[in-house]
Each structure stands twice: as C-alpha cells, then as structure tokens.
Amino acid sequence: MQFPAKMIHSLFLVNSSGDIFLEKHWKSVVSRSVCDYFFEAQERASEPENVPPVIPTPHHYLISVLRHRIYFVAVIQSEVPPLFVIEFLHRVVDTFQDYFGVCTEAAIKDNVVVVYELLEEMLDNGFPLATESNILKELIKPPTILRTVVNTITGSTNVGEQLPTGQLSVVPWRRTGVKYTNNEAYFDVVEEIDAIIDKSGSTITAEIQGVIDACVKLTGMPDLTLSFMNPRLLDDVSFHPCVRFKRWEAERILSFIPPDGNFRLLSYHVSCQNLVAIPVYVKHNITFREGSSQGRFELTLGPKQTMGKGLEAVLISSQLPRGVLNTNLNPSQGTYNFDPVTKLLSWDVGKINPQKLPSLKGSMSLQAGASKPDENPTINIQFKIQQSALSGLKVNRLDMYGEKYKPFKGIKYMTKAGKFQVRT
Amino acid sequence: SRDSLKGTLPSSSPRHDDLKEMLDSNKDSLKLEAMKRIVAMIARGKNASDLFPAVVKNVACKNIEVKKLVYVYLVRYAEEQQDLALLSISTFQRGLKDPNQLIRASALRVLSSIRVTIIVPIMMLAIKEAASDMSPYVRKTAAHAIPKLYSLDPEQKDCLIEVIEKLLADKTTLVAGSVVMAFEEVCPERIDLIHKNYRKLCNLLIDVEEWGQVVIINMLTRYARTQFLNPNMNVSIADKEEKEKKKTEATAIVKRKPYVMDPDHRLLLRNTKPLLQSRNAAVVMAVAQLYFHLAPKAEVGVIAKALVRLMRSHSEVQYVVLQNVATMSIKRRGMFEPYLKSFYIRSTDPTQIKVLKLEVLTNLANETNISTILREFQTYIKSNDKDFVAATIQAIGRCATNIGEVRDTCLNGLVQLLSNRDELVVAESVVVIKKLLQMQPEQHSDIIKHMAKLTDNIQVPMARASILWLIGEYCEHVPKIAPDVLRKMAKTFTNEEDIVKLQIINLAAKLYLTNSKQTKLLTQYVLNLAKYDQNYDIRDRARFIRQLIVPTDKSGALSKYAKKLFLALKPAPVLESPFKDRDHFQLGSLSHLLNAKAGGYQVLPDWPEAAPDPSVRNVEVPEWTKCSSREKRKEKKADKPFYSDSEGESGPTESADSEEVKKSEKKSKPRIGSSESESEEDEDSESESSESEEEESEEESEEETKKKKKVGNERLENTHTTDIHTHSERRNTHILNCDSQPNTIASVQVFDTICKPAWLYMQFLLNPPLPVSVPQTIVPSGNLKTYELLHRITGEGLSVEYCFSRQPFSPDPHMVAVKIQFTNSATSEAKSLHVEDAKLQSGMRIKEFPEIEVLPAGETVSVVMGIDFCDSTQAANFQLCTHTRKFFVSIQPPVGELMMPIFMTENEFKKEQGQLMGMNEITEKLTLEEKCQGEHAVVQRVTTAANLSRVPCGSDKEFAGKTVTSGSLVLVSVVTKEDGAAQLTVNCEKMVIGTMLVKDILQALTQ
C-alpha cells in the first residue's frame, strides 16, 4: 500500500463564524467538505481555543492553528510530525502579519493575490520551500499604499523584477545588495515575567523569559558581535539561525550576520528559578458570604522590587464567578469595567504612584438565593517597566566587522508581565 | 467584492467573457487584472476551469507577475484539462535549458506540478537532467520533483530511486533536506542507500534549512535503530528481568561483552544536540525524540529543558509538546522533575492544555513532591472549568494508587469533595473513591457508609451506579445500611437509568446471598420489576440472576457457586496513564499523537541484537587525505557551507572557531554568494592557501586517524588472529583494547613499528600494578621535582625531601605515591622514623611508610608513602617522628600530580572531549615561550607539569589522564599555530582541577 503525498496537501482559512474564506491546494484538490469534521470538533469545543489541533478524519488529518480569530486548517494525508505543520502554519501567519501589518480576514481578502503568491512560494508540493521573510520579500514585494496606487495606474507588478538570489546564498536569511543611507542597528531586550502568586502572596512559581528583538538596517554584509556583561544569566537560549552556535558555546558571544530588517535574534530563559524579584504586589479581599446576596471586593496594588523604575500600563483582569450578577466598585484611579455576560472584570490602572497606591473597592451583587460560589477568582496582571530588564541582563557591546561605515547603535530594555496570576 | 457576485453564477456565465477578452488583449495590465480576478476566484474555491484555453495562451507572457499567476492557474486545473495543458509543456521544456539557474528551477517546478500522466516521460527526463545540474538550487528542485512524479506514476519508482541515490551523494546543504524528504516518500525502506551518506548527513545537518533538518533527523533516528546497539541494553534488560527469562540469558552475554558505542552513533548524538537551541519547535522536537529513542539514559536529560522552553510557545505547540512530555515522563520521570513547576496550571490555559499538564504532573508525582502537587491540585479543584476539575479528581485518584503514603490523605480529600455543591465534582469523586476503596475496603467502612447516604442526593447515574456497586461488593462491612439502601432503591427502581438499574439488581443479588433473611422479599420485588423492564439487557440480567441465586429443583449445580461468582475477590483496578507505552510510536509523530498508526508511518524498529557491519558507512577516502598537505585539506574546508567550520560538527576543537572570526575580519567579507556555491565542486585547491596554517578540519583528521587504525588492525589480524578480540574487527575499536588478553605482546611488537609511544603505554597498562622498578621511559626522565619536607636545621640534622614518583601506588591505586628521602646529616643516628597523628581534611587518607628503625649518621634512605588527596590540592598535614622529636610537616601536591596517565586513542580522546564541554572545558590562548615551540618541547613541558600521557598518533598534542582518587578524566590539548601562538584546552569534569591545571600548564609553556 502506498501513501504518497506527505506533508501539507491543502490549506483552508476559516473565520470565527465558520466560513471558509480561502483555500489553497498544493496537490490535487481536496473537497472543502473535509472541513465538516473540523466544524464538528469546533462545535464540541466549549471555547475556540479548545478545538484539538489535530483531528483525524477517515481519509485525512486536519492540523490547525488559531491566530487572530482565524483557523488555519491544513489537510494532511499521511504521517508527518504534527509540530512540523503547526510551526509552518504559524510561520505563514507571521508572514502575513509582516506583509499586511495585520492578519485579519479583511486583510487577507484584500490581498488575496499576494497571499496566493506567498503560499505558492512557501510550499512546494506541500514541503516548505522559502519561509525566510527576507527571501520572500525579494520574490514578492509587500503591498504599500503608494505601490497599490501606482500599480493600479500603471499595471506594474508586486512580483520582484529581478530574480531572487537569496535562496542560492549560503546566508539565506539575508538578501544581497542591501543599501541604506542611515545605517542603524537597534536591539530591544524584552523580558517577560511569568508567575503564579498564591493567596498569601508567596510565589508558587516565577520565571523570566526574555527575547532580543532586533531591527537592523545596515548596508552590505555586516558581521556583528554582541556581548553581554553577564552572559551566565542566560540559562536556556534559542537562536535565530544566523547566530553562530559554536562561538556562543565557547565565548558566550553572539556572532552573526543579521537578516535585513526586523527579526528575533534570541529567546532566552533566565536561570534563577527561585530568586525572581516580583515587581508588584496585590492585596486582595474578595469574600462571598453564605446566604447574603452581596460580596465584598477589595484590591490594592503596589510596587515591589522594581529597581526604582515605575510600573506602567498596569491592567488587571479577572474572571469572576458565575454567581456574580453585577459589581459596584470604586477605582481610586483608572477605569474599570465589568461585563455581566462574560463575568469579566477589567481594570485599566495605568501608572502606579508609590505614594498613592491604586485600589478598587466595593461590592458585588450575587444571584439572590444562590449559594456562595466555591471558586475564588484569579487575578491576571499586566504591566510594563521601561528601561530595565528584570533579570539584570546587560549588553556589553556591539561590534561590527566586514563593513567600513560607522553604524548607529541602540539598545532598549523593557520588562513586561507575561502570564502573571494571583490566586485569591 | 465584485467577483463575489460572479462566483455564485454558474461557471458558464457569460460574465467570464470579459475576463477572456482581457486575457486576449495585448495590454499586460488588463491581463494582470484578469489573472488576479481569476486567482481570487480559485482562492474562494469557485470554479474557473472554463477559462483554461484563454489562460494557457499566456503561459509565455513576458510580464513576470502574469506568468506566475498563469502558473498558479495551470497547476490548479491541468489535471482537469489534460489535453489543453499539454500546450504549455513546450514553454517549460524551453525553460529547462535556460542559462539562468533560477529559470531552470522554476520551469522544473511548474512542469513537475502538472499532474498529467502523459508527460511522465518528459518529467522523468527533466528530473534526471536537473539532478546533474551545475546549480545546487536546480538539484534541490529536482529532489522536490521526485515525490511529485512518484505520486503521479508509482511505476517510476526504480528510476526515481536511482536519482535519489545520486542526489543523496550530493554534498551541499541545499539539496540534503529535499532529497531525504524524497527518500522518505519514495523508498523509506531502502536504508542501505543511507550508509555511505550517513556521516555526511550528520555533518551537514547544522547547516541544512530547518524543515530539512526535521526530515533528516527523523530519518536518521530510524536508521540508527537498525544499525547500532541499544546504548541502554544493560539497563533496560535489568529492568525487565523479572518479565522475561529469555532476556536474562541475553544479559549474561551482554555482561561478558561490555557495550561500546559506535562512533557513528555518537556522531549523530553530538551533531544533533546543538539543534535543541533551534527557534523552530519542530526541529527541537525532532532532536528530543532522537535523544529519547537513541541516547544512553544518562544523556537524555538534556532535552527536558528545551521541551519545557517550547511550552512558552503557541498553544498548539504546547499541546503537541505536552503529549510527548506525557509519554516521556512515564519512562524517564527524573528528567522533568526539576521543571515540575513549569507544568503548573494557570486559569487562563485552554482546557485541553490543562488536562495534559495535569497528566504530566501526575506522572511526575513521587513521594517527595506529592505534597506540593496535592496542594496545587487543591487549587485546581476550585476552578470553574468543570471538565478540568473532573480530570483533577481523576489525577488525585491516580496519585493515591501510585503512592501508598498519600492514599489516606487523598481519600479524605476526595471524601470532603463529596459534600461539594457541584454534582459533577461529587460524581467524579465517587467514581474515583470507589476505585481507591477497592484496594483496602476493610479499613474504610465509614467512607462506604458516608457514600451510602449520598444515594439520596446524588443524581449522576455513573456515580449512583458506583455507590451501589460498592455497597453490594462490601455489604459485609456495612451490614446494617446495605439492606436499607436496597429498600430505597427498590422504591425508585423504575425511574433509574439503565446502568443504575443493573447495579440495583447486582446489589440485590449480593445481599440475597449474604443476608437473605432481611432481603429476600426485596430482592424478589426488584427482580420482578426488572423482569418487565423495557430494556432487554435488564430483563435478561434479572432472569439470569434469579436462576442463579434462588435455588429451585431445576437449577443445576451452578447455584451452589453463586456466592463465589458474585462475591469473588476482585482485583483492584489499575489506574494507568493513557500515555503508558505510547512510546512504541516514534515520538513527535502524528501516530504517537493520535495513538493510532497513521498512513505512511514508518515503524521505529527495535534495536538489533548484534550490530550490523559498521564498515558499510566507510566512505572511500578521497585523495586529499592521502597526501596530508595542509593546503589540500583546506580546499575541502573551503567548499563547506557557511558555518561548518565554526560550528565544528565532529570535533571539539575550539580553535577553528576563533579563526573563523579572524578570517572574516581579515577578508572583511564572508564567503557568500551564488557564484561560490555554484562553483564549489571544481574549486581550485590552492586558492585558499592564504588562510592560516594550523587549521584542522576535525572531520578529516579524524578520518585520517581512523584510516591509520584500520591499517593497524589489518596488520594485527594478519599476524596474530588468534589473539585478537572480536572487537578489534570493528573499525573503530582500537587495537589496544585487547589489553585484557594475555599474550598480546607478540602482536604488540608488530604494532610497535607502527606506533611506538603507544606501545610503551601499552606495556604500562599490561602490567598493573607496576613494580617500582618500572622502566623510567614512562615518566619523562629527570623531571621529578623534589620538594623539601623538613629542612636540615629545623630537623636538627635530619633533612627530608619528597617527590611525586608518578608510579602507581600499589597498595592502594587511589593514592598518590610520594617518595620520601631521609638524609641524616647529624652526627648521631636517627631511630624509629615514622608518621603520626595525621591531620587530614575529611576524606583524605594516608598510607604510612613502614617505620625506619635506624638511619645511621650520614646515610640516606628512601621510602614511599601513599596519600589520597581526594583530588584536591589541600595539604596533607602529619607529624614526622623520630625517637626523640616530632616535626609538623605538610605535603601539598601540585595539581598535576593528582592524576595519572591513561592510554587513549585519538578517537576516544575526541569522543570524551566532546562529552566534557561547556563548564567542563577551559580554553586559553597563549604564546609559547621561544624555546618551547617545538613539538617535543611542548610535550615535555606538559608532561612535566602534569602526570599525563600523550595520545599516540594524535595530530594535535593531546594528553590524557585521570584523577587518582575519583578517576575523572583529564584531557589536555595544545594546538599550536604560527608564531608560537597556541591554544590550550583542558577538559575535566572537576572544574577546580581543570582551572588549576590550566594555570600550571600555561606557566610551564610560557616561561
């Protein structure tokens, strides 16, 4: 028995109301009725994100990802590593986002020809061909408003005129012949803190994950090295393929020929499992009394171990128990909102002033006669701390070899809350 | 938007005429507009096939975008319009001959995508030609075309295999991934095609694009399973010993023949490991599964961190990774234990992720962490995601069955849940409690009573049924309550669900058998109700049970056994993970995820009992290794892709790396560009000679030594075949391994001519422990430095010196031998010289020398004592006593004396070095002192500084030893470059020793 046609056979894009709004086949056409199995699974799932990423059907397998409320459903005919497909689909979404700024149904429909051209280049016979954004941009120019206007008038094209060379290069992630009048290289060190804080305020788990995102606009073929003051902080790292692994192993230096434009140079995990400084604390008192139709709600936020930097863009959200009918709360600053249907409470706090701590106090009205809810809501916190990387990671220096000009260099640090939850 | 109306009309719509008109016009802009609208139709799944003739005419259009869109259309509809599609073929055939490689490639790509059977011969020809194209990009396209043709016409298999074979031999990274993909689709069973390319694929891997890496790694996993031996053979057999006797016999055999990992197996593990750092989750997963299936148990751990990292990714990635972690955590729990907290559940996780994390947490639970885990579970039970709560209760049940210590705690916790307001929670708890109680019912009759009361409130059928079963089964533990429950159930019987009814009948039957006095009538009543039930299963059951339990004249012998039938001791259910044994599917595969074999799944074979001939992977040694000219070697290096030198696949030498930097600085522009990759085959060897001299491409040097070894092997076999252990036939097991055999001397003498130093060391190994009179040749002669232990003046005429004799200390091999020389320059004789009152750091030991009874004036005597320094440079303090005095003395060893030489081949050295990377490796650059630039001088200085032996035949200056106490390996290599520049690398598990040794050797070489 034969199982030809491995890898990705077809792709369907499904919107949140269950309409297929785009299909692409790399081999013979698979009827869109195959998606019925997907819709069945979608119906069974309580939440959109609970649709299983892999669904077996009698003749095919459906592997899907959900991004921006669009399901990208790939049709597979035989054995293939599921992550292979999932990773590829995410790469497709990233590419769309890169090209159109957003990845929405409207954007895809408006640019359907570019989308088709991209998909054509990204997969050959269902096997990934060109997935590097630098190469794709050489093949297919991203639409801009100006170009769209010009194209409609002159009938010229989105397709690159000259033949792409990137694919042939041994540095496939960088296009050749890059030229800038202002040569700049910017690096953003962004750290996210994931934490679970328990009722009493002690940390159950906390870890820092960081990324270094780069925006490099340099002429020619620059060869960069980036070194850290304290590279030992980095416990587990994953690199953009441009980073020379051996040099990192030997010297803890990032040495690379950068792609042109925006890219993620490095993701890392910080090796201080138990010593993560938690930058914010929450005092809470959320109580429901048996037999009473009222509940108390009190929340106070304060900064903690922020190394003198302010907490900004603080946003609190919490899923209140189903028994809560409405809330009557008073924020000392910012605005709060409670959706009685989804029971989602959100409080946009803004900046925290250490002299005057923000609080949200008041009462909740509960369903009359119903017993008190068992569960206590979890509080999710988002915040930002500018100009500081929580782990203390510091870039030492950035050097450029291979080109003669002096580039402009910049490094920015930021800390954000990742999945930061306080259990009450 | 305008098209959406059109699309709904039948395909013969006259509206398409305007599109046809536009396509026929000679304005490119109109054509383009038409093609865009057509592609938009295709994208929405509308039929545009009637436009085929109008579109296909534009296949040769000058405008690139029009042309591309025509290709899109053509590939989509060619199958339906075969005859018309043929019109376009000639355009592509012309394209295949274009001087521009990109045009050749794209022509082949489109041509091979046209699924029209009649062009199969044309395609075949095109693929064959493209496979020999100059451009690697075209060859890559040829590889992509192979599966296309194969799915169109499987008859072509044999021809295609030939092409695959040819392309597998390709040396460029661009082709490697694509051709392995073709191999996997067309002929995955032809594992023999891989042999000759195995090492090359391993070495190219890091430079292959990410998608190709996944395919290659998965294929190599399968390959390794057919060619190498199970690295855990001893361990795994020991695990299963109880299960299979047959295997125990195997153990015996295995024990006689120690496992040696094939260097090719090691190569694969070493070269895939860096890819755990890939940003591509599929690559990381591929390496993880490779390690899980192929690595020795002790090394699998490295993948845990990378897998945990993936959990930060998109939820779909998490989903797949967690499925695999769940399977792995059953077999290798310890690996994920440090990351326990990474599996804690957040209220915002999707339910399917929560359930999987729960599964992993349960698998990781053990006696030490169970209390933490249970505390977490308590939080989870309060969640308002009820499916998740149910899963948590199940998980608690499983923890309770697996870990006896917490069974009661869990049970109590679950009993508390019985008063939960949520019925689903209660129901799930009942089901789990039932299972737990089955394990030790006698202790828990109060819980059974408690549950009996629940029948009044709880409505979930499964829970009711469970309670009833429990009461029936253990009715003897609750003799008073059971009949009452039956009474209540009899009342509600008609309204119950079927599963509950069946359990009521069961309960009635069991009570009848144990307590017929009280329950006879009730049972009759229940059975009568059941007799007229609507469900035939229930009617059947009632009839059957009545016959069985109520003895009548007609009822046969069976009713005597009714009690045994109903109240037999039932084994407690085993609560197992659904992921148990799922690893018989290759991890990371679709089949593993679904726990069902997907079409096209290649079974991961079991390890072979005996390894197939490893020499099949030997590649004919190319010219350049024969002449050892450095320029020649470099030529090979030059045509390697971007990082191969800096990312050093096969060797641990760090030097290449730093040179890479210098090179790129010097040349001010790295080797990039299509011209190079195109011309690489015929690259001139001399062109790169400006590069620095010392560069060693590890791969080549390794192969070179292998070759030497092989020569040695053959000679050895010719002369003394009987002496040779079967191992020595293996290419990479070096000859000296046969040291355990007697009578090797003869064969060694043959070998002597090949490799003199090795012979010396071999003798060293052949006669342990060495007598004191061992030839001085082992130790660099005259290099023994003496230290003063006691000065003549302090010692009142007795002066004592010591040196480290570098001989094994025969009474205790874990001690450093210290030779102590007493000189009595006093006028009177010294008596009773001995050691006393040693003040030692914990762990240190001293083996004193035998007491010297008399040392006459003016005489000198030497003794040897042994000190176990515990691999530290802490001083050993003790008292040296004469008959009159006591002197406090101390011996502090230089770090170089804490080790002893061991013999190692270069291969082994490289292998071991590769395992001692990271923190265990220290590298220093240095400038050799003027007098010390010759090879001999370096060797001499290093061996003086440290008690190490040189690795014979090594192309570099490599030295090996192990620490005396713990036997940790100490590996030193000195790579010299021009102008006395050199690089020193020390690899040692004991980092302190490594650091100190570096310091000492640096000093020795620079001063």
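In chain B, Ala960 (B:Ala960) stands opposite B:Leu971, a residue of strand S14(B). Strands here are DSSP runs of E with at least two residues, and helices are DSSP runs of H or I with at least four, both numbered from the N terminus. This is a predicted model, in which local features need pLDDT of at least 70 and side-chain atom pairs count only at pLDDT 80 or more, while totals for chains, interfaces and linings use all residues. Residues are numbered from 1 along each chain as its sequence is written, chains are lettered from A and ligands numbered from 1 in the order in which they are written, and side-chain values use heavy atoms, with hydrogens and water left out.

Stay with S14(B), residues 969–976. Six bridges join strand S13 (residues 957–963) of chain B to S14(B), and the two run antiparallel. Two strands pair if DSSP finds at least two bridges between them. Five residues lie between the strands of this hairpin, and B:Gly967 takes a positive phi near 70°. Seven bridges join S14(B) to strand S15 (residues 981–988) of chain B, again antiparallel. There, B:Val974 has B:Leu984 as its bridge partner. The hairpin of S14(B) and S15(B) has four residues between the strands, and B:Asp979 in the turn has a positive phi of about 55°.

Is S14(B) mostly covered or open? Eight of its eight residues are buried. Buried means under 20% relative accessible area, exposed over 50%, and partly exposed in between, with a 1.4 Å probe and protein chains only. In a regular strand the side chains alternate between the two faces of the sheet. In S14(B), one side carries B:Leu969, B:Leu971, B:Ser973 and B:Val975, the other B:Val970, B:Val972, B:Val974 and B:Thr976, and all are buried.

Chain B also holds an open sheet of four strands. Its order is S6-S4-S8-S9, with antiparallel pairing. The edge strands are S6 (852–855) and S9 (886–891), and each pairs on one side only. Strand S4 (residues 830–839) of chain B meets S6(B) over three bridges. B:Ala830 stands opposite B:Leu855 there.

Now turn to chain A. A:His269 lies in strand S13 (residues 261–270) of chain A. Why does A:His269 count as buried? Because its relative accessibility is 11%. Beyond its neighbours within four places in sequence, its contacts (heavy atoms within 4.5 Å) include A:Glu207, A:Leu233 and A:Asp236.

A cavity is a set of points, on a 1 Å grid over the protein atoms alone, where a 1.4 Å probe fits but cannot get out; lining residues have an atom within 4 Å of a point. Grid points are joined across faces, edges and corners, and a volume is the space filled by probe spheres set on the points. The whole structure has nine cavities of 30 Å³ or more.

The largest cavity holds about 340 Å³. Of its 26 lining residues, the closest to its centre are A:Glu79, A:Val80, A:Pro81, B:Glu184 and B:Asn218. H13(B) gives the most to this lining, with five residues.

The second largest cavity has a volume of about 160 Å³. It has 14 lining residues; A:Asp194, A:Glu207, B:Met311, B:Ser342 and B:Arg346 are the closest to its centre. Strand S9 (residues 203–217) of chain A supplies the largest share of this lining, three residues.

Key
1 Å grid on protein atoms, 1.4 Å probe; cavity = no way out; pocket = protein on both sides within 12 Å on 5 of 7 lines; lining within 4 Å.
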